[in-house]
Amino acid sequence: MSKIVSFEDLWCVFEHRSGQLVNALQNVNFQVKSGEFVCVVGRSGHGKTTLLRVLAGLQPPTAGRVRLGDEVATGPGADRAMVFQQDTVFPWLHVRENIEFGLRAGKTPREDRERITQHWLAAVGLEDFADSWPRELSGGMRKRVALASAMAVGSDVVLMDEPFGSLDYFTRRNLHDVLLDLWRETQKTIFFVTHDIEEALILADRVILLAEGKLVDDIPVTLPRPRDEDVRASEKAVNITKVILAHLGITEEEATRA
Amino acid sequence: MTTTDVLDVRAKARRDKRKRQSLFILYLTLGIAIFLGVWQVLSVWFPLYFPSPLGAVRHFTDNLMTSEWTRRWFAHANACPALIGSGADIPPYCSGYVLHLLVTTRNILIGAALGTILGLAAGLGSLVFPKIAEVFTPVASFFGTAPIFIAAPFFVIWFGVDVALLTTVGLITFYTTLLMYFFSRRAAENIPVGIIESALTLGGTPRSIFRWVYMPGTVPEIAGGFRIALAGAWGLGVLVEVLGIQRGGGFLIAMWRFGVGLVEWPAAVVALITFFGVLAVIVDGILVVGIRFLTRWAESGRRLGL
């Protein structure tokens, strides 16, 4: 059963090599309902990835806590599978074995493992590549493998740290569709870090805005789905974009030029 | 592009591949021919130091099964020690090069295998039990900084020249263990942190990460380390025998100091050294085939010569 994810008084302070203290996260408080698609948006170095790593249990907070339902999240675990920005598909395992990894670790019986793996192979359109090595796949296909691996472990919460950042526009758009289909099918809670406002508008129910480690806004994205070009060009979408840009300290003209 | 064009392109790609393979064989043959040619020329100019290639081969085949020279100089030192002092007649083949060379090969391979098992057990085991690294690393670092050839005379003095299994195998095991320990540790350290973190967030336990991440992921570097260790082991094994062991290929090389000045001398020494060179290349070639299979997932494996 899915659980509410709560960030409570979360601080994360790093000590720079020079001895200077850097507040990567400052008193972050918010809750995410089960099944929500949340995009965390902010400039580079403003705490997005740190927030996700704390939630994943890969980075202990300096103060505060993250709760999954009633339980405080501590170390990493299969209940918060993560898709990383960099390529983290195991190159020495076939595509099928990659998707099976979490299931094997969780000692899922072989028959169930095979059935689940086959389901996720089909869901991401890689049935014909089940016995391929990752090196034989394109970047987009490897991201599908990572996505299927994260989905297959059966976690309620999936964390995605700019997973499509290194891909070309067309591949990224295609993967948005794949991800949204999977989300609709599974109703998992998804945390998606991005600095791409358009990507956030396509995907999110909510946009959490971080600036200098602080939560500066929590914007509901109530645009109708699917969010095609017309929806994203609507007045509502443009207004959301303006709010986000203003928080990021960028004018619309600057954003267009960039 | 029409279907015909695609087929043309594929046919051209196949032709190019065959051409590259043919050129590789051509250059290899050319390289060997030039080497043998230079050797032949040198043998004419400096016959005392460079026997002709054919002369070395002839000496090797003449002495392979039974050797007049071994019997002449070392009637008691042969490749059948069990027969010494038994009262039984020592068969002629005990003096031949073949048994000596087999003894050396066996000792080197046993030492390298034992060292690899111990080194990998300590290196990879320390990933699961970090205490192993805390205990083993300082000791291994201390011995690792000393050139291994310094340890060779120590092993000969300590274990003596009679029991080659302790001296030769012991030294090679010691050397390979150190090397494989460091290679396996380094291989594990070189696995990207992102891969380990990904495994953790997928529910990976220390055991499953060891089995499905560290074990396969470290193969390329460990295999490379094993090739280096084995290449060194050939030299080390022969060196220990040269220092005083009474059997093996190194012993045969050392024995030929009694033949300095004889016409046969350069051919004998060069033949024996060449044998180990060729053997090492053959064993390495077999290893490369095995490593290519184990690292077939790695794109760069073939490019790196693995």
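**Figure 1. Overall make-up of chain A in the predicted model.** Chain A contains nine helices and ten strands. Its radius of gyration is 18 Å, close to the 18 Å that the globule rule gives for 258 residues, so chain A is as compact as a globular protein of that length. The C-alpha trace of chain A spans about 50 × 45 × 35 Å along its principal axes. The model shown in this and the following figures is predicted.

**Figure 2. The four-stranded open sheet of chain A.** Strands of chain A are arranged in the order E2-E1-E4-E5, with antiparallel pairing. Strand E2 (21-32) and strand E5 (71-72) of chain A stand at the edges with a single partner strand each, so one side of each has no neighbour in the sheet. Strands of a sheet pair through backbone hydrogen bonds, either parallel or antiparallel.

**Figure 3. Pairing of E1(A) with E2(A).** Eight bridges hold these two strands in the antiparallel sense. One residue pair to look for is A:Glu15, whose bridge partner in E2(A) is A:Leu21.

Figure 4. E1(A) and E4(A) are antiparallel and share five bridges. A:Phe7 has A:Val66 as its bridge partner in E4(A), and A:Trp11 has A:Ala63 as its partner in E4(A). The side chains of A:Arg65 and A:Glu8 form a salt bridge, at 3.1 Å from N to O. This pair links distant parts of the chain: A:Arg65 lies in strand E4 (residues 63-68) of chain A and A:Glu8 in strand E1 (residues 5-15) of chain A, 57 residues apart. Side chains of opposite charge can pair when their charged atoms come close. Over all chains the count is 22 salt bridges.

**Figure 5. The hairpin of E9(A) and E10(A).** Strand E9 (residues 206-211) and strand E10 (residues 214-220) of chain A run antiparallel and are joined by six bridges. A:Arg206 stands opposite A:Pro220 in E10(A). Two residues lie between the strands of this hairpin, and A:Glu212 takes a positive phi near 50°.

**Figure 6. Backbone geometry in two loops of chain A.** A:Lys107 is not a glycine, yet has a positive phi of about 60°. A:Lys107 is placed in the loop between helix H2 (95-105) and helix H3 (110-123) of chain A. In another view, a cis peptide bond joins A:Arg225 and A:Pro226, with omega about -5°. A:Pro226 is placed in the loop between E10 and helix H7 (229-232) of chain A. Most residues other than glycine have a negative phi, and most peptide bonds are trans.

Figure 7. Chain B has 13 helices and zero strands. The radius of gyration of chain B is 25 Å, whereas a compact globule of 306 residues would have one near 19 Å. Taken along the principal axes, the C-alpha atoms of chain B fill a box of roughly 70 × 60 × 35 Å. B:Arg10, B:Arg14, B:Arg15 and B:Arg18 form a positive surface patch. B:Arg10 lies in helix H1 (residues 3-45) of chain B.

Note on methods:
Residues are numbered from 1 along each chain as its sequence is written. Chains are lettered from A and ligands numbered from 1 in the order in which they are written. This is a predicted model: local features need pLDDT of at least 70, side-chain atom pairs count only at pLDDT 80 or more; totals for chains, interfaces and linings use all residues. Side-chain values use heavy atoms; hydrogens and water are left out. Patches are made of residues with over 30% relative accessible area and no salt bridge: like charges are joined within 9 Å, nonpolar side chains (Val, Leu, Ile, Met, Phe, Trp, Tyr) within 5 Å. Accessible areas come from the Shrake-Rupley method with a 1.4 Å probe; for residues, only the protein chains shown count as cover. A salt bridge is a side-chain nitrogen of Lys or Arg within 4 Å of a carboxyl oxygen of Asp or Glu. Lys and Arg count as positive and Asp and Glu as negative; His and the chain ends are not counted. The place of a charge is taken as NZ of Lys, CZ of Arg, CG of Asp or CD of Glu. Two strands pair if DSSP finds at least two bridges between them. The radius of gyration is taken over C-alpha atoms; the globule rule is 2.2 Å times the number of residues to the power 0.38.
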